[in-house]
Amino acid sequence: MSPISSHQHIVVIGAGIIGIQCALELQTRGFSVSVVDSKEPGTATSEGNAGCIAVAEIFPISLPGLIWSVPKMLADPLGPLSIRWGYLPQLSPWLWQFLLAGRRRPSEKITGELAALLGHSWSDHQVVAKRTGTEYLFKHEGFLFAYHTERGYKESAHEWSVRTQHGISYTRLTRNELLELEPELNPGFFAGVHVPGVRHSINPKKLVQELALEFKRNGGAILKANAKDFGFRDGRISQVFLDNGQTVETKGVVLAAGAWSGTISSKLGYKVPLDTERGYNTTIPSPAVSVTRPIFLVERSAVITPMEMGLRIGGAVELAGLKAPANFSRAKALLSHGKSALPRLNLENGREWMGFRPSMPDSKPIISRSGHHPNVYFAFGHGHLGLTLAATTARLIGDMSSTDLTPTEAIPFSIERFV
Ligand SMILES: Cc1cc2nc3c(=O)[nH]c(=O)nc-3n(C[C@H](O)[C@H](O)[C@H](O)COP(=O)(O)OP(=O)(O)OC[C@H]3O[C@@H](n4cnc5c(N)ncnc54)[C@H](O)[C@@H]3O)c2cc1C
């Protein structure tokens with residue numbers, strides 16, 4: 001017997017891309033579903049990301065040797081990585097586990113696990129996109145890695161051979177071939193690599209909104225409040241207490257509150273090392289240049305994505321927690337990398353944005369059933385890959401809630417790895 005019978009009521013906490021995909025999936029499996037969130041769907045981290053279905057991003061963020069490049073990265077406050085020093089005491093346990101994950105053996109294992117999960121990411125999105133009529137929000141133009149220097153290009157050789165081992169196809173490009181694909185690029189680039197299998201969303205916020213509308217059309221409810229606590233009966237979750245005073249009776253809960261899932265997990269019996277890698281970008285409505293596909297400026301850690309709202313340029317990582325105010329000089333620094341990559345870029349009227357990637361120290365999401373309560377599920381911590389893995393996460397959560405079994409694919413992503 002499954003832990004929750006179909007047609008029973010289940011609450012999804014969080015209306016980002018992960019929560020809404022989970023809600024839709026559970027609905028198609030016959031559950032009656034309510035989503036709770038005080039914010040409108042898709043208006044937190046899922047709003048402003050770079051839109052890539054990043055199937056080639058199989059590596060954890062912490063890798064062997066990273067520790068030696070950290071001092072150089074930190075020396076530049078607007079570089080690819082920054083830490084707010086006041087936040088360091090709070091961050092230390094996460095940082096320690098992050099460094100441990102970056103040792104050779106663990107990082108190779110994580111790479112294999114992420115590659116296996118990422119292998120399904122587009123096919124899972126495609127199923128949902130077809131069913132919901134949202135295919136028009138995706139483009140299939142591949143993804144371009146652009147290298148400024150011969151050194152950067154040569155240093156990436158190992159990375160590319162690992163991608164080959166994991167079945168990711170790509171084409172190496174000379175400078176001329178790179179410029180043929182993207183003629184607006186600065187001719188000063190050394191070389192590039194094109195990954196043809198990558199799709200991108202031309203409007204990640206609209207994607208969540210459209211999926212949320214479909215969810216409502218199918219009878220789903222979205223309650224505008226935050227979950228703050230839970231009630232339990234006979235070892236099972238039975239109530240969700242909202243911060244507007246409402247109590248929702250339920251037969252199950254999926255926690256998908258992105259970077260804010262830590263405190264709620266502790267109310268469900270788990271202390272997880274979730275933190276946030278904050279990222280910045282600017283969306284330029286009239287860029288005056290045309291770019292066909294997302295371009296990663298490798299040495300600058302900046303991504304340029306063509307979207308229906310204009311050109312979005314940003315990326316990088318800031319470790320500063322959930323409360324520190326945004327430092328938009330980081331967005332400006334990333335934008336200046338964009339301008340040097342696309343010399344004719346018009347910078348006017350750019351809209352700056354910061355988002356909170358929900359990051360586990362081992363760069364693996366938590367896609368898991370609770371070991372404490374059989375009707376509680378976790379779907380958070382997707383870091384740099386939340387859009388990419390949303391439909392796959394939802395399918396796995398759907399499988400877990402409809403049967404007693406944990407799908408083999410989900411085993412490496414269990415919450416129990418932190419117990
Ligand atoms: C600059 C940048 C670029 C990125 N580019 C990419 C990319 O190209 N591809 C990719 O795959 N990923 C990318 N990401 C990562 C991706 O955006 C995230 O992994 C993803 O959006 C996380 O989705 P989520 O639903 O978990 O979180 P969110 O979208 O943050 O949603 C969480 C929701 O939970 C709600 N919530 C919080 N607390 C509660 C509570 N107590 N009760 C109810 N609701 C609550 C919040 O209000 C929020 O709406 C990028 C991120 C950044 C910052």
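This is a predicted model: local features need pLDDT of at least 70, side-chain atom pairs count only at pLDDT 80 or more; totals for chains, interfaces and linings use all residues.
**The ligand shell and a helix pair**

Biologist: Where do the numbering and the cut-offs come from, and which confidence do side-chain atom pairs need?
Modeller: Numbering starts at 1 along each chain as its sequence is written, and side-chain values use heavy atoms, without hydrogens or water. Local features need pLDDT of at least 70, totals for chains, interfaces and linings use all residues, and side-chain atom pairs count only at pLDDT 80 or more.

Biologist: What share of the ligand's exposed area does the protein bury?
Modeller: Backbone N or O atoms get to ligand nitrogens from A50 at 3.0 Å and from H384 at 2.9 Å. L387 does likewise to a ligand oxygen at 3.0 Å. Alone, the ligand exposes 1000 Å² (Shrake-Rupley, 1.4 Å probe), and the buried share is 95%.

Biologist: Which residue's backbone nitrogen does the N49 side chain reach?
Modeller: N49 sits in the loop between strand 2 (32-36) and strand 3 (52-53). Beyond four places in sequence, N49 is in contact (heavy atoms within 4.5 Å) with P204, M307, R312, W353 and L387. At 2.9 Å, the backbone nitrogen reached is that of G51.

Biologist: Is helix 1 roughly parallel or roughly perpendicular to helix 5?
Modeller: Q21, L24, E25 and T28 of helix 1 meet H125, V128, R131 and T132 of helix 5. Helix 1 and helix 5 (residues 121-132) pack at about 70°, axes 12 Å apart, using lines fitted to C-alpha atoms over the stretch in contact and angles from 0 to 180 degrees between N-to-C directions. Angles under 35 degrees count as roughly parallel, over 145 as roughly antiparallel, 65 to 115 as roughly perpendicular and the rest as oblique, so helix 1 is, relative to helix 5, roughly perpendicular.

Terms used. A polar contact is a pair of N or O atoms within 3.5 Å; within protein, one must be able to donate a hydrogen and the other to accept it, and residues adjacent in sequence count only if both atoms are side-chain atoms. Helices (H or I, at least four residues) and strands (E, at least two) are DSSP runs, numbered from the N terminus.
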